[in-house]
Amino acid sequence: MKSYLIIFLYLVISLPFSASAEELKQSVQNDIPYLEKIYHHLHQTPELSKAEFKTAKYLAKKLTEYGFEVTEGIAKTGLVAILKNGDGPTVMLRADTDALPVLENTGVSYMSTATMINDSGVTIPIMHACGHDMHMTVLLGTAKQMVKYKDEWQGTLMLIAQPGEEISYGAKQMLAEGLFEKFPLPDYNIAMHVSADLPAGKVGYVMGYAMANVDSVDVLVKGIGGHGAYPHKTKDPVMMAAEIIVKLQTVVSREISPLESAVITVGSIHGGTKHNIISNGVKLQLTVRSYSDQTRNYLLKRIEEISHGVAKTAGMSDNLLPEVIVQEEYTPSVYNQPEFTQLVIDNLGQAIGKDNVVVTLPVMAGEDFGRYGRTKEKIPSTLLWLGAVNPEKYKDAIDNDKGLPSLHSDKFAPDTIPTILTGVTGMTANAINLLQKK
Ligand SMILES: [Zn+2]
Ligand SMILES: [Zn+2]
């Protein structure tokens, strides 16, 4: 009898909300028909980056309805929703809101037929091909549960709907407009992104660097043009560009530690007009990826040094050296603070079952969520992967070595119900546990 009592006390003390894990799951399950409708609505009304006007209005209406204090117009189409519930820490949950110029080809009954006129006046199809509609649905579902379970937690819940993730705009702009000054400063930041490689029901995590610094770099190689039959009277920029491309490939393979990750890809090369004309210039476009800031700075420095070095060797004067332009709009890497991530995955394990929380590999793709953990306060942050693939389709793909539609694919269709269920349960359990009453 005594040992039962000890076990009971242990569970109550160490797992504040775990006794109600089943209850929480059931509570989210009850909301599924409501949340599925929300998901279908958001899926059918996608809007491009920086144009998420209807989306923002919709979210603002729902969150106000639930009792949140909503501030719209942060980074134009972003919003912040606050629920104050006594003294305690502040937890920030983030969903991104923008869609992509993709013509949907999933065949689902709630397929998007939306179009929009882009900056050049061209009508283009739009689809939530990166699953941001799911992120918003999970955010609303979590908001609703947090209101329902208000007696179980204490502190401030801060929800943000961030626009322009796909163009690396929203996080930077929301911070620039005073996200952490005008609103409560979070103690923790969490986001979930759907995964096209994990079955629905599972959540993936990475400790430490999870996603990369992403830089776009233009290299404008200058030459002295002339007749293709008289190369000795020219300085050929095509030759210089070729040498630069080859030399750049030695930076990652010979100068960066094999244990550090980095990528330099020359994705575009344009120069010249005709067979027999040596042109005056060649333009290279590079994507440069890394995790640490130290590696990022090193790569960018070497791209300039190599480009200049090749041109100098070819005899170009100092005023005609290649111009290396690093685009300002870079995406900084996502660093999942390990101690905080451990806490989050422990909470997840209690809520959705330990076996459903799986470690995944870091990727060299970019996500601007990293910015929220990179301000001077260095707020512990973590970005989780929310499994979204139908489990049978996942099994079939693994067993038969078939590919699955990736994020941004016109065929990417999350398995709605289990994805929403896992996302809302996992997020709510974390928010409640991080906002535990003392
Ligand atoms: Zn995306
Ligand atoms: Zn995305």
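Start by selecting Lys378, which sits in the loop that links strand S17 (357-359) to strand S18 (381-389). Helices (H or I, at least four residues) and strands (E, at least two) are DSSP runs, numbered from the N terminus. This is a predicted model, in which local features need pLDDT of at least 70 and side-chain atom pairs count only at pLDDT 80 or more, while totals for chains, interfaces and linings use all residues. Residues are numbered from 1 along each chain as its sequence is written, chains are lettered from A and ligands numbered from 1 in the order in which they are written, and side-chain values use heavy atoms, with hydrogens and water left out.

Back to Lys378: its phi is positive, about 50 degrees, though it is not a glycine. Most residues other than glycine have a negative phi. Lys378 is also exposed, at 57% relative accessible area. Buried means under 20% relative accessible area, exposed over 50%, and partly exposed in between (1.4 Å probe, protein chains only).

Now jump to Asp401, in the loop between helix H10 (391-399) and helix H11 (416-434). Asp401 is another non-glycine residue with a positive phi, about 55 degrees, and it counts as exposed at 74% relative accessibility.

**Zoom out**

Show the whole chain as a cartoon. It has 11 helices and 18 strands, and its C-alpha atoms fill a box of roughly 95 × 50 × 50 Å along the principal axes. Of the 438 residues, 50% count as buried. Take the contacts (heavy atoms within 4.5 Å) between residues at least 6 apart in sequence: 82% of them join residues at least 24 apart.

**The eight-stranded sheet**

Colour the strands of the open sheet ordered S1-S2-S6-S3-S7-S18-S8-S17, where the pairing is mixed. Two strands pair if DSSP finds at least two bridges between them. Strand S1 (69-74) and S17 are the edges; each has a single partner strand, so one side of each has no neighbour in the sheet. From one strand to the next, the twist averages 25 degrees.

Strand S2 (residues 78-85) pairs with S6 in the antiparallel sense over seven bridges, with Lys84 partnered by Thr156 of S6. Strand S3 (residues 90-96) pairs with S6 in the parallel sense, also over seven bridges, and here Val91 has Leu157 of S6 as a bridge partner.

Click on Thr156 itself. It is buried, at 7% relative accessibility, and beyond its neighbours within four places in sequence its contacts include Ile82, Pro89, Pro184 and Leu435.

Next, follow S3 across to S7: four bridges join these two parallel strands. Val91 turns up again, with Tyr188 as its bridge partner in S7.

What surrounds Met192? Select this residue in strand S7 (residues 188-199); it counts as buried at 4% relative accessibility. Setting aside neighbours within four places in sequence, its contacts include Arg94, His135, Leu348, Leu384 and Met427. For a distance check, pick Glu165: Met192 and Glu165 are 27 residues apart in sequence and 13 Å apart in space, C-alpha to C-alpha.

Axes are lines fitted to C-alpha atoms (for helices, over the stretch in contact), and angles run from 0 to 180 degrees between N-to-C directions.

**Last stop: the four-stranded sheet**

Select the open sheet ordered S12-S14-S10-S15, four strands with antiparallel pairing. Its edges are strand S12 (262-271) and strand S15 (323-326), each with a single partner strand, so one side of each is left without a neighbour in the sheet. Ignoring direction, neighbouring strands here are turned by 20 degrees against each other on average.

Look between S10 (residues 213-222) and S14 (residues 281-290): 10 bridges join these antiparallel strands, and Val214 has Arg289 of S14 as its bridge partner. To finish, show helix H7 (residues 237-255), which lies across S10, S12 and S14 and runs at about 170 degrees to S12.
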